[in-house]
Structure formats: C-alpha cells, structure tokens
Amino acid sequence: MSLLPVPRMTRWVARLIAANLAVLLLLATVFTAPEVTAWLRFDATQAFLRPWTFVSHLFVHTGLLHLLLVSLVLLAFGPAVESRMGSKAFILYYFYCGVGAAVLATGVSGIASVAPFAGSAGAALGVAFAFAAYWPDARVVVFPLPVALRARPLVVLLGAASLVVALLPGTSEVVHVAHVGGI
C-alpha cells in the first residue's frame with residue numbers, strides 16, 4: 001500500500017479552478033447570450049475556422065455540477081502532480097491534455113459525428129493519468145465506494161469506460177471521445 005502525503009493546494013490548480021469558476025460566473029451573469037458559449041466551446045466541424053476553441057473550451061462548463069466534478073478530479077490529483085512536475089511543466093501538460101482532447105475529437109469527426117463540447121474533463125483526466133503514472137499503487141478513495149482503489153487500475157477503468165461509451169451511438173450528450181483524448 002502506498003500512502004502519499006496530501007499536498008497543499010498548488011498555484012496552478014488553484015488558478016485553474018478560479019479561472020473556471022470566474023468564466024462560469026461571467027457566462028451566467030454578464031455574457032448570457034447562448035452565442036457566447038457557442039463561440040467558446042469546441043466544435044470539430046468549425047475547428048480551423050475558430051482555432052481559439054482548442055483552448056477556450058477548457059474554461060467553459062455546462063453548469064455548476066459539471067464544473068464541480070471536473071474541479072474535484074483536479075483537486076484530487078492535481079496538487080500531487082504539480083508538486084512532482086513543477087508548476088511550469090504542470091500547466092503546459094494540462095493544456096497539452098486539453099488540446100489533445102480537441103485534436104482527437106477533430107480526428108474522429110472525420111469518421112463519426114462529434115457533438116460540440118465544452119469543459120476541461122479531458123485535461124483533468126490527463127492529470128489523473130499522470131498521477132497514475134507517477135504513483136500507480138497509490139490508494140484512491142472514490143466516493144461512494146467503500147474501498148480504496150489503486151490509481152493505475154482506476155485510471156485505466158475510467159479511460160476504458162470513456163472509450164466504450166464513446167463508441168456507443170447516441171448514448172449521452174457528453175463527448176467521451178474528448179475524455180479519451182485528454183488521457
């Protein structure tokens with residue numbers, strides 16, 4: 001069993017969560033027109049006409065619950081990964097995973113329909129992947145399960161589940177292929 005000290009909040013994890021919260025608040029109060037969100041989310045059919053969306057989709061979430069779930073993953077794995085990588089490498093890796101989610105969605109859109117999406121779940125799952133690579137045997141408690149799971153099998157399970165659901169036609173509005181791209 002591997003026990004890791006719980007790192008304190010790190011600079012970039014805190015900044016990313018704050019930026020995501022600020023954008024959610026602005027979109028809910030000031031920039032309320034649906035066109036603003038549509039302009040910022042990633043749409044594989046418009047990717048090269050709106051290249052900023054390869055990054056901007058990381059800061060637009062579909063609601064408070066969506067943001068809370070992504071933030072929870074980032075809080076669970078991000079501080080340890082940022083402490084291990086260093087802040088500069090961590091933020092570059094985070095954006096690499098987020099852009100990777102959009103790039104995979106663009107590639108898949110050539111053979112299958114990919115709905116427009118927003119959110120940083122792909123990047124957060126990429127951070128979870130890095131955690132599992134650094135500490136594969138670390139025990140992770142996943143609420144509401146009554147047992148702790150090892151990090152590597154947990155992340156493999158999350159990735160496999162996203163891949164399977166991504167291959168099922170019309171099962172969800174969530175673009176699971178973006179989750180796989182982040183990992």
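Let's start with helix α1. Its face turned away from the buried side carries two exposed residues, Leu-25 and Thr-29. Keep in mind that this is a predicted model.

Now the other side of α1. Val-13, Leu-16, Ile-17, Asn-20, Leu-24 and Leu-27 are buried. They cover an arc of only 100 degrees around the axis, so they sit on the same side of α1. An α-helix has 3.6 residues a turn, so residues three or four places apart point the same way. What do the buried residues of α1 pack against? Three helices: α2 (34-40), α4 (64-85) and α5.

A quick check on geometry. Helix α1 runs over residues 11-29, which is 19 residues. At 1.5 Å a residue, it should span 27 Å. The end C-alpha atoms are 27 Å apart, so the two agree.

Beyond neighbours within four places in sequence, Phe-95 contacts Val-55, Leu-58 and Phe-59. Take Leu-58. It is 37 residues from Phe-95 along the chain, yet their C-alpha atoms are separated by 8.4 Å.

Last, charges. The structure holds 1 salt bridge. Arg-150 pairs with Asp-137, and the closest N and O atoms are 3.1 Å apart. The partners are 13 residues apart and link distant parts of the chain. Arg-150 is in strand β2 (residues 148-150), while Asp-137 is in the loop between α6 (121-134) and β1 (139-141). Both ends are partly exposed: Arg-150 has a relative accessible area of 36%, and Asp-137 has 42%.

Terms used
Residues are numbered from 1 along each chain as its sequence is written. This is a predicted model: local features need pLDDT of at least 70, side-chain atom pairs count only at pLDDT 80 or more; totals for chains, interfaces and linings use all residues. Side-chain values use heavy atoms; hydrogens and water are left out. A salt bridge is a side-chain nitrogen of Lys or Arg within 4 Å of a carboxyl oxygen of Asp or Glu. Helices (H or I, at least four residues) and strands (E, at least two) are DSSP runs, numbered from the N terminus. Buried means under 20% relative accessible area, exposed over 50%, partly exposed in between (1.4 Å probe, protein chains only). Contact means heavy atoms within 4.5 Å. The expected span of a helix is 1.5 Å times one less than its number of residues. The arc is that of the directions from the helix axis to the C-beta atoms.
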